[in-house]
Amino acid sequence: MIKRRRMIKKAIFAAVALLVNSFCLTVSAQPAEENLVAGLQYTVETGEPTENSYGNFVEAGVKFDVDNGQLTDGKFAPEIESSDLWYKAFRSQSRLITFDLTTNCAINKVKASFFHNRVSGVYAPRYINVYLSDDGEDFQTVKKYETNYDLTYSVAARCEFEVLLDKTY
């Protein structure tokens, strides 16, 4: 008997953090690890609306929530928050990042890289949630991952998380 695997067409990742987040996301599949989102376009939504308060916020010449493809360009930002290689988010507590994988794919883990610098008020996320859909409309929660990152850590650092899903979707 051949067991058929459910294939996923769209993926949503929610990173719940405080203040400013900077991140890159990678989705991998078995048997060979492959970055399924490399070069793909995506959408970023805020957990709470910011257009009336911080939608166009600029601080010391730095613009926030400006998307230049940083999440899927394959470039890793240095451990300094001023680098344009980071996606910089301001307030709103969380971001929902949606990738349209354009074709059905099998997924077994998510890799994410975030910047943390408590001194500057830039915190790694407390949670990473993974939602998947095989039709692009009906999303199911497949993982709620608590990072357990020590938010009191005061040295600027890249925080890399590998979220293993309970099974291959």
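**Notes on the predicted model**

1. Tyr42 and Phe99 are both buried. The coordinates come from a predicted model, and the remarks here should be read with that in mind. The two rings form an aromatic pair of the tilted kind, with 5.6 Å centre to centre and 55° between the planes. Tyr42 belongs to strand β3 (residues 42-46) and Phe99 to strand β6, so this pair ties together parts that are 57 residues apart in sequence.

2. A further ring pair is made by Tyr149 and Phe161. Their centres are 6.4 Å apart and their planes stand at 90°, so the pair counts as edge-to-face. Pairing requires centres within 6.5 Å. Tyr149 sits in the loop between β9 and β10, while Phe161 is in strand β10, so parts 12 residues apart in sequence are tied together by the pair. The cut-off for buried is under 20%.

3. How many aromatic pairs does the structure hold? The count is 6. Tyr149 and Phe161 also belong to a cluster that ring pairs build, together with Phe114, Tyr145 and Tyr153.

4. The largest nonpolar core consists of 25 residues. Leu101, Val130, Leu132 and Leu165 are the members with the most contacts inside this core. Strands β6, β7 (109-116), β8 (127-133) and β10 each contribute at least two residues to the core. Strand β6 gives the largest share, 4 residues.

5. Which residues line the second largest pocket? The lining is made up of Val62, Lys63, Phe64, Asp65, Val66, Asn68, Gln70, Ser82, Asp84, Trp86 and Lys88. The volume of the second largest pocket is about 160 Å³. Sorted by class, its lining has 4 nonpolar, 3 polar and 4 charged residues.

6. Two backbone angles deserve a comment. Most residues other than glycine have a negative phi. Thr102, which is not a glycine, has a positive phi of about 65°. Thr102 is placed in strand β6 (residues 94-105). With a relative accessible area of 56%, Thr102 is exposed.

7. The other angle belongs to Asn148, a residue other than glycine whose phi is positive, near 55°. Asn148 is found in the loop between β9 (140-146) and β10 (157-164). Its relative accessibility is 63%, so Asn148 counts as exposed; the cut-off for exposed is over 50%.

8. Are the cysteines Cys105 and Cys159 buried or exposed? Cys105 has a relative accessibility of 11% and therefore counts as buried. Cys159 has 2% and is likewise buried. The structure holds 0 disulfides. A disulfide would need a pair of cysteine sulfur atoms within 2.5 Å.

Notes. Residues numbered from 1 in each chain as written. Predicted model: local features only at pLDDT ≥ 70, side-chain atom pairs only at ≥ 80, totals over all residues. Heavy atoms only, no water. Buried < 20%, exposed > 50% of the residue type's maximum accessible area, 1.4 Å probe, protein only. 1 Å grid on protein atoms, 1.4 Å probe; cavity = no way out; pocket = protein on both sides within 12 Å on 5 of 7 lines; lining within 4 Å. Points joined across faces, edges and corners; volume = space filled by probe spheres on them. Nonpolar A, V, L, I, M, F, W, Y, C, P; charged D, E, K, R; others polar. Phe/Tyr/Trp six-rings, centres within 6.5 Å; stacked < 30°, edge-to-face > 60°. Core = buried A, V, L, I, M, F, W, Y, C linked by side-chain atoms within 4.5 Å.
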